[in-house]
Amino acid sequence: MHDDPFECLERQRVEALNLTVESYRHRRTGARHLHLAAEDHHNAFLVAFLTVPANSSGVAHVLEHTALCGSERFPVRDPFFMMLRRSLCTFMNAFTSSDWTAYPFASQSRKDFDNLLEVYLDAAFFPRLDYLDFAQEGCRVEFTDPNDPGSGLVWRGVVYNEMKGAMSSPARVLWEELSRHLFPTTTYRFNSGGDPEEIPELRWEDLKAFHSRHYHPSNAVFLTYGSIRAAEHQAVFESRVLSRFQPLALDLAVPDERRLAAPVRETRPYAVDEGSATQAKSYITLSWLLGKSADLTTLLRAHLLTGILLDNSSSPLLRALETSELGSAPSPVIGLDDSSREMVFACGLEGSEPEHADQVEAMILAVLEKVAVEGVEPERVEAVLHQLEMSRREIGGDGMPYGLKLMLTALTPALHGGDPVSALAMDEVLVRLREDIQSPGFIQGLVRSWFLDNPHRVRLVLMPDPGLAVRKRQKESARLAAIAEGLSEADRQEILARSRALKRRQGEVDDPEILPRLRITDIPEHPPVAQGRLKEVAGLPTHWYNQPTNGLVYIQLLIDLPELDPELTDLLPVFASCLTEVGCGNRSYLETQAWQSLVSGGVIARGSVRSRVDDVGRFRGVFLVSGKALTRNHQHLSQLLTETFRSARFDELPRLRELIAQMRASSELRVTDNGHVLAMSTASSGMSPTAALNERWGGLTGLRSLKLLDQSMQNPEALTTFAARLERLRDILGRITPQILVVGEEESFENIREGLAAAWGDGGTSSPPAPFAFAAKIRRVHTGWVTPTQVHFVSKAYPVVPFTHEDAPSLTVLAQFLRNGFLHRAVREQGGAYGSGAGFDADAGAFRFYSYRDPRLAETLADFDRSLDWLFSTSHDERALEEAILGVIGALDRPGSPAGEAKRAFHDAYHGKSPEIRRRFRDGVLGVDVESMRRVAARHLVPARASVGIVSNAESLAGLADPELEIRHWQLPEETGNPSEGGR
């Protein structure tokens with residue numbers, strides 16, 4: 001007998017990642033534990049299960065939602081969202097992938113980590129799976145008026161509405177259709193998130209059976225990261241979960257896909273608005289099934305080959321796609337997908353025509369044949385290996401905690417029989433890969449065997465169909481009518497009773513003290529702020545931040561935006577996007593792209609505005625050119641940034657035409673994925689100059705302007721004029737003396753200083769230009785944007801105060817308080833939206849409500865108002881206030897990567913948000929009480945000052961009883977068949 005329930009299988013130090021990887025197996029159940037031991041108090045946890053759906057009912061996805069609706073030890077209705085309010089977590093979520101489900105979280109507080117671990121383990125292994133939670137989160141049939149059995153039937157549910165929104169995206173439809181034909185016999189042919197047509201078929205009994213079979217320790221992988229020892233984690237796993245289970249013989253492994261004997265060609269439709277034009281709206285994609293993702297050698301070879309073909313605009317396949325006249329831009333589904341058991345490579349075009357399919361296929365195969373015969377330059381291979389090295393060394397953490405990113409890297413091999421330790425400690429494999437590429441014909445052989453001689457290939461043409469959405473609605477109506485026709489009186493009463501029961505359950509107030517919690521007293525002192533020092537280089541103000549960047553250096557050039565005429569102001573975001581994608585100096589854009597890839601991790605440029613911390617009517621605009629590189633390449637990076645900033649070339653006109661078409665194609669994908677952000681931008685666009693500029697640059701107003709620009713580029717004279725404007729903007733900005741931000745490790749700073757001095761020579765001596773100005777019209781906005789979507793994105797906004805105003809902390813806490821106490825229940829649980837909330841945006845000078853993938857419209861706007869009634873009319877306890885404050889402090893204190901922390905500190909201070917002002921704001925948050933929230937709500941959230949922004953479909957907007965609503969069409973007249981943009 002063994003005292004230790006876990007056996008250690010492997011332990012390996014990974015110097016490149018500054019951690020030790022430890023692999024364990026639970027002796028009795030076979031559960032696996034991979035621990036990433038690091039001197040990092042930002043601890044992370046994840047438990048994952050191989051989940052293999054047998055249909056597209058969304059069972060794994062609905063289970064992921066329902067498991068977080070109460071468990072054996074924590075029998076409250078909504079522990080997931082309740083813990084979000086009682087925690088300082090830096091990340092907390094759940095994911096459903098094509099063949100796995102994972103429950104991750106991270107926290108810097110040990111007490112908080114322990115609390116979340118207790119809740120997550122119980123939720124995953126011992127959920128209640130109550131029928132009413134299943135009905136709320138999945139899909140249920142109800143009467144349109146839940147109290148009137150004669151009002152007709154409708155399907156409602158959170159996942160149902162989420163997937164309706166997801167499947168409104170052509171890119172998502174394209175991926176699902178590709179998967180269906182690439183994997184005709186295995187689980188990947190099903191939509192794991194759920195097809196809205198099949199989700200209503202899911203039964204509660206199916207959900208419980210799926211949990212019983214898949215959520216068992218014998219099918220589980222635990223992953224942990226950080227400073228807590230593996231043995232401490234394992235003691236909790238054993239006491240709370242594993243001691244209660246016996247081993248279970250499972251055969252859930254996904255089998256190899258049966259290989260196609262010959263390529264397959266398919267044509268499928270996707271929905272566009274009725275009456276829309278269909279020209280140049282088709283997607284043509286080729287995809288191949290490759291080898292196993294769990295084989296690390298095969299995986300790295302696949303990444304190498306993908307980089308060689310697609311890394312940048314000088315790469316042979318991407319160059320062919322970008323310059324092709326057969327479409328407007330490369331397909332949104334492009335590159336390597338290694339998240340499943342067997343990898344997929346895809347490429348193609350969007351903005352094409354179905355009759356071009358043969359030509360697109362021939363073009364792609366011709367490029368591959370040329371590479372298979374001629375190979376590629378050694379420098380291109382070296383550049384891709386350089387990118388692999390950079391991605392391996394870089395310490396991330398600005399979007400998702402670094403530890404969680406590493407854990408997700410190891411997850412796929414852990415679930416599919418690979419070696420997760422080697423997936424992290426890949427030095428030996430990288431050495432072998434460098435040896436492989438020395439072999440003559442290595443790259444050519446991969447191209448021939450994986451692509452040209454591989455018959456498991458699918459060509460998919462996705463065509464726009466203006467009648468598809470109508471047919472789907474008719475089919476849904478017919479299905480519901482048939483259900484209604486077959487209902488007995490007892491059935492009708494059962495539906496009524498279930499609706500009433502669900503409403504009662506949603507209105508119940510659980511005892512929150514069942515759950516563990518943090519208190520205000522658990523909040524740590526002010527987190528440290530990265531400190532820099534100013535030391536000039538070649539006469540340029542240079543700010544140096546010493547951070548643990550693991551051998552990387554980050555450099556930014558920054559200028560204050562000068563006075564620009566309105567035409568150039570509107571052009572700034574397009575200029576920024578083009579700047580790093582064109583040639584520079586004496587190099588063509590192809591040569592510049594290859595140079596970027598060889599010496600850096602990429603270069604980006606952007607213009608931005610931020611309001612003054614004490615006055616939303618005044619702002620500061622800046623323009624940035626940023627890059628990163630391995631420290632050994634610092635001199636190349638300095639030269640690259642300098643030449644990009646000063647001598648970008650806008651004389652390659654076909655390249656400019658390609659870039660604008662690509663920008664337009666990319667922008668169109670944002671609407672269904674980020675509709676709530678666009679709705680909030682619209683609603684607040686009349687509240688400050690910053691908000692107005694952000695709408696013109698990145699809101700639907702800006703996206704529509706981009707479409708108009710793309711349309712004008714068909715005229716050669718317009719293209720020439722456009723290039724001249726870009727050159728003019730380059731010359732205006734290039735005359736301004738920049739400031740420099742350097743983030744790296746102290747021991748490299750002297751070498752970096754010398755490299756910067758060499759790149760800049762005499763530096764800059766220009767006198768400061770007139771400051772950037774923008775005359776914004778401050779006004780109320782009531783705008784609805786028409787887009788092809790099945791669900792709605794709704795926002796209401798109020799003009800408020802700047803960051804340093806005494807009301808700002810109370811407004812910030814109020815947003816969290818309303819979300820926790822009212823909006824989540826009313827808009828998400830009862831209304832069926834996938835998400836909802838509120839926020840205080842000091843830069844926009846706005847307090848904004850929003851909903852995401854929402855089946856309702858007018859009712860949600862009313863709920864925003866009702867939340868304020870609730871604030872004033874209800875008695876609120878200290879616990880709810882404390883939870884709102886915890887949520888705000890958690891967001892304020894959430895750490896980024898070492899480089900990200902330095903950039904944040906510098907730019908905050910540059911715009912007036914000094915460490916002292918940040919501390920005062922944080923202290924103000926800790927001092928908020930219920931009365932201060934009521935006071936600021938009464939003062940600022942006044943109905944007569946409210947603005948509204950909506951992203952929806954034409955039919956729903958036309959039916960909204962709002963005489964003030966201006967209806968605008970995001971699509972151009974020739975796309976919709978409308979004679980003009982029009983209004984109400």
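## Pairing of strands

Two strands are taken to pair if DSSP finds at least two bridges between them. In this predicted model, β17 and strand β18, which covers residues 542-546, meet that condition, for they pair in the antiparallel sense over three bridges. One of the residues involved is Gly 532, whose bridge partner in β18 is Tyr 545.

## An enclosed strand

How many of the residues of strand β24 (residues 792-799) are buried? The count is eight of the eight, so β24 is largely enclosed by the rest of the structure. The side chains of His 792, Val 794, Lys 796 and Tyr 798 point one way from the strand, while Phe 793, Ser 795, Ala 797 and Pro 799 point the other way, and all of these residues are buried.

Strand β24 is joined to strand β26 (residues 846-854) by seven bridges, with the two running antiparallel, and in β26 the bridge partner of Pro 799 is Ala 846. Five bridges join β24 to strand β27 (residues 947-952), again in the antiparallel sense, and here Ala 797 has Ser 947 of β27 as its bridge partner.

The axes of helix α11 (residues 357-374) and helix α16 (residues 442-452) come within 7 Å and cross at roughly 145 degrees, and the crossing of α11 and α16 is left-handed. On the side of α11, the contact is made by Leu 365, Leu 368, Glu 369, Val 371, Ala 372, Val 373 and Glu 374, and on the side of α16 by Gln 444, Val 447, Arg 448, Phe 451 and Leu 452. Taken by type, the residues of this contact between α11 and α16 comprise eight nonpolar, one polar and three charged.

Ser 499 is found in helix α18, which spans residues 489-507. Its relative accessible area is 8%, so Ser 499 counts as buried, the cut-off being under 20%. Once its neighbours within four places in sequence are left aside, Ser 499 is in contact with Glu 142 and Pro 146, and a polar contact of 3.2 Å joins the side chains of Ser 499 and Glu 142.

## Two loop residues with positive phi

Most residues other than glycine have a negative phi. Asn 18, although it is not a glycine, has a positive phi of about 60 degrees, and it lies in the loop between β1 (6-14) and β2 (19-26). With a relative accessibility of 39%, Asn 18 counts as partly exposed.

Leu 129 is another residue other than glycine with a positive phi, in this case near 50 degrees, and its place is in the loop between α3 (110-125) and α4 (131-137). Is Leu 129 buried or exposed? Its relative accessibility is 6%, so Leu 129 counts as buried.

Note on methods
Residues numbered from 1 in each chain as written. Predicted model: local features only at pLDDT ≥ 70, side-chain atom pairs only at ≥ 80, totals over all residues. Heavy atoms only, no water. Helix = DSSP H or I, 4+ residues; strand = E, 2+ residues; numbered from the N terminus. Axes fitted to C-alpha atoms, helices over the stretch in contact; angles between N-to-C directions. Left-handed = near helix turned anticlockwise from the far one by under 90°. Contact = heavy atoms within 4.5 Å. Nonpolar A, V, L, I, M, F, W, Y, C, P; charged D, E, K, R; others polar. Buried < 20%, exposed > 50% of the residue type's maximum accessible area, 1.4 Å probe, protein only. Polar contact = N/O pair within 3.5 Å; in protein donor to acceptor, adjacent residues only side chain to side chain.
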